[in-house]
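Subject: Structure for you, with notes on its cavity and disulfides

Hello,

Please find the structure below. My notes on what was found in it follow.

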Amino acid sequence: MLKRPTVDDSMLQRSESLWDCTILSLGSILIVALAIFFAQISSLFTIFQKPESQFSSTGDNRGVTRLIVGDDFGNLKEHVAKFVDRNEPFVCRSCIDSMKLKFWSHDENLREVVSDDRTSLPIRIGRKENNDRTMFARRSDLAPNSEESIYREHEMSFHDFLSIYDELLENDLHYYGAQINVIESLPSLLPHIQRSAPPAAILNAIGPTPPPKYRPISIYMGKGPLTTQTHYDSLENVVCVVAGGSKTFDLYDPATSSLWLYVDRPKHGNASPVTTQKKFPLSKFAIPSTVTLHPGDCLYLPVYWYHAVSTSAHRTISINWWRRPDHLKMSALENFFCGRENELGRAKC
């Protein structure tokens, strides 16, 4: 008679122990392998990241390059000059240190510095409409029967403006201080503006300071929501938000503007008459690049780029540093814009 083989308890325990050790070893090997794999993937991503120790360019919203500026400005001027040569806008995020912007946070600081209140400022006054956003547009640029708000200018002292601009009166009048000539009208603010300026390398790369008659430094103050008419500027522009809410820019390159924005300079000057697609159906093909600036952000806005600016509902202050454009670039853009070297151009010059 055959006997069933038997296994004593000690042998069984040794077998189970060996099996447990094997499982633990395989688990450890798997963990190490996964760790090495993810480390390799992480290093691969690091290789393709752009360094930000000095500056780099990355996409910001639709079609607007973001310039990241660090502490070492090394070749920043040379880098910015490439954008200027291409007439391409860029946005510089946190271009101005927040500590330098504290002065602009409260109107009391402005009142204290501008103690001589004898200078009158041309303040724009618009009427708030049912769309909850005031449109500031010149009367001559709107159709005679247009129901959209238009602005008029009223001379007002700076202190009177500060006491009223952040309120909507019972008659829905909206006060907006736009393109105020700081050198001529508010020179006591210049030291604070100089401390709040973007890096000199950026300004110098974009161009020299224009003569005083061109308002080389302008300040904009208002409490939205408000929108400007679509227009272009004949000077290079660096605009920085220094306090409050935000400003959103819809930007149209010269080719798009000349084709689809119904440009007629003899009639409308530097503005586009486009207000709605219903009245101007071809304007639907003008697709803007859009960028929003917050306090400390700056935008390089090249010449011949049409733009509309929308200010948020909060008290907002921005400063423009105007620069003189290169005359050869201006000549080339003018010829292209007016169809002299561009058969498709439909702008009336």
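By class, the lining of the largest cavity has 9 nonpolar residues, no polar ones and no charged ones. (Ala, Val, Leu, Ile, Met, Phe, Trp, Tyr, Cys and Pro count as nonpolar, Asp, Glu, Lys and Arg as charged, and the others, Gly among them, as polar.)

This is a predicted model, in which local features need pLDDT of at least 70 and side-chain atom pairs count only at pLDDT 80 or more, while totals for chains, interfaces and linings use all residues. Residues are numbered from 1 along each chain as its sequence is written, and side-chain values use heavy atoms, with hydrogens and water left out.

Cavity

The count is 1 cavity of 30 Å³ or more, and the largest cavity has a volume of about 30 Å³. A cavity here is a set of points on a 1 Å grid over the protein atoms alone where a 1.4 Å probe fits but cannot get out; lining residues have an atom within 4 Å of a point. The volume is the space filled by probe spheres set on the points, which are joined across faces, edges and corners.

The lining consists of Phe90, Cys92, Cys95, Pro198, Ile202, Val238, Cys298, Leu299 and Tyr300. Strand 3 (90–92) and strand 13 (298–301) each supply at least two of the lining residues, and strand 13 gives the most, with 3 residues. Strands (E, at least two residues) and helices (H or I, at least four) are DSSP runs numbered from the N terminus.

Disulfides

There are 3 disulfides, counted as pairs of cysteine sulfur atoms within 2.5 Å.

- Cys92 is joined to Cys95, S to S 2.3 Å. The link is right-handed, with 85 degrees about the S-S bond. Both Cys92 and Cys95 are buried (under 20% relative accessible area; exposed is over 50%, partly exposed in between; 1.4 Å probe, protein chains only).
- Cys240 and Cys298 have their sulfur atoms 2.1 Å apart. The torsion about their S-S bond is about 110 degrees, so this disulfide is right-handed. The pair links distant parts of the chain, with Cys240 in strand 10 (residues 236–244) and Cys298 in strand 13, 58 residues apart. Cys240 is buried at 0% relative accessible area, and Cys298 is buried at 3%.
- Cys338 and Cys349 have their sulfur atoms 2.0 Å apart. Their link is left-handed, with -95 degrees about the S-S bond. Cys338 is buried at 14% relative accessibility, whereas Cys349 is partly exposed at 41%.

With the bonded cysteines numbered in sequence order, the pairing is 1-2, 3-4, 5-6.

Regards

Technical notes: On a 1 Å grid over the protein atoms alone, a cavity is a set of points where a 1.4 Å probe fits but cannot get out, and a pocket is an open set with protein on both sides within 12 Å along at least five of seven lines; lining residues have an atom within 4 Å of a point.
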